[in-house]
Amino acid sequence: MFFNRGVGSIPAGAGDGILSRVTSSITESPIVYQGRRAASDAAFVAKKLLKSTGRAAWIAGTTFLILVVPLIIEMDRDAQLSEFEMQQASLLGSGPAPPAGTK
C-alpha cells in the first residue's frame, strides 16, 4: 500500500526501516555504551557502600548495647541510691551526708 503525502508517495513499510536503523545506531553508539557502563559502575559502588554502611551501623549498635547501656543503668542506679540516702537523712533529722571523698 501507498500513503498519499502530497507530492510523492512512500511505501507503507519503508518508514519503519529508517526508524529501526536510527534507533539501532543510537543504542549502539559509544556514548550510550559509556553511559550504561557508568550507570552500572555507579550502581555497583552504591550497593557496596550501602552494604558497608549497614555493617558499620550493626557494629556501632551492638557496641553501644554492650558497653554504653550497662554504664547508663549503673549511673542511674547510683543516682537513685544517693537520692534515697538523702531522703533517709532528711527523715531522720540530720543534714544531708557530705559527699564522698571530703574530710
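Biologist: Which residues form a nonpolar patch on the surface?
Modeller: Phe64, Leu65, Ile66, Leu67, Val68 and Ile72, with about 590 Å² of accessible area together. Patch residues have over 30% relative accessible area and no salt bridge, with nonpolar side chains joined within 5 Å and like charges within 9 Å. Areas come from the Shrake-Rupley method with a 1.4 Å probe, and for residues only the protein chains shown count as cover.

Biologist: What kind of model is this?
Modeller: A predicted model: local features need pLDDT of at least 70 and side-chain atom pairs count only at pLDDT 80 or more, while totals for chains, interfaces and linings use all residues. Residues are numbered from 1 along each chain as its sequence is written, and side-chain values use heavy atoms, leaving out hydrogens and water.

Biologist: Where does isoleucine 66 lie?
Modeller: In helix α2, residues 30–92. Helices (H or I, at least four residues) and strands (E, at least two) are DSSP runs, numbered from the N terminus.

Biologist: Is isoleucine 66 buried or exposed?
Modeller: Exposed, because its relative accessibility is 61%. Exposed means over 50%, buried under 20%, and partly exposed in between.

Biologist: How many of the 103 residues are buried, as a percentage?
Modeller: Buried residues make up 2%.

Biologist: New topic. How many salt bridges are there in the whole structure?
Modeller: One. Arginine 77 pairs with glutamate 74, their closest N and O atoms 3.5 Å apart. A salt bridge needs a side-chain nitrogen of Lys or Arg within 4 Å of a carboxyl oxygen of Asp or Glu.

Biologist: Why are arginine 77 and glutamate 74 separated by about one helical turn?
Modeller: Because they are three residues apart in helix α2.

Definitions and conventions:
Buried means under 20% relative accessible area, exposed over 50%, partly exposed in between (1.4 Å probe, protein chains only).
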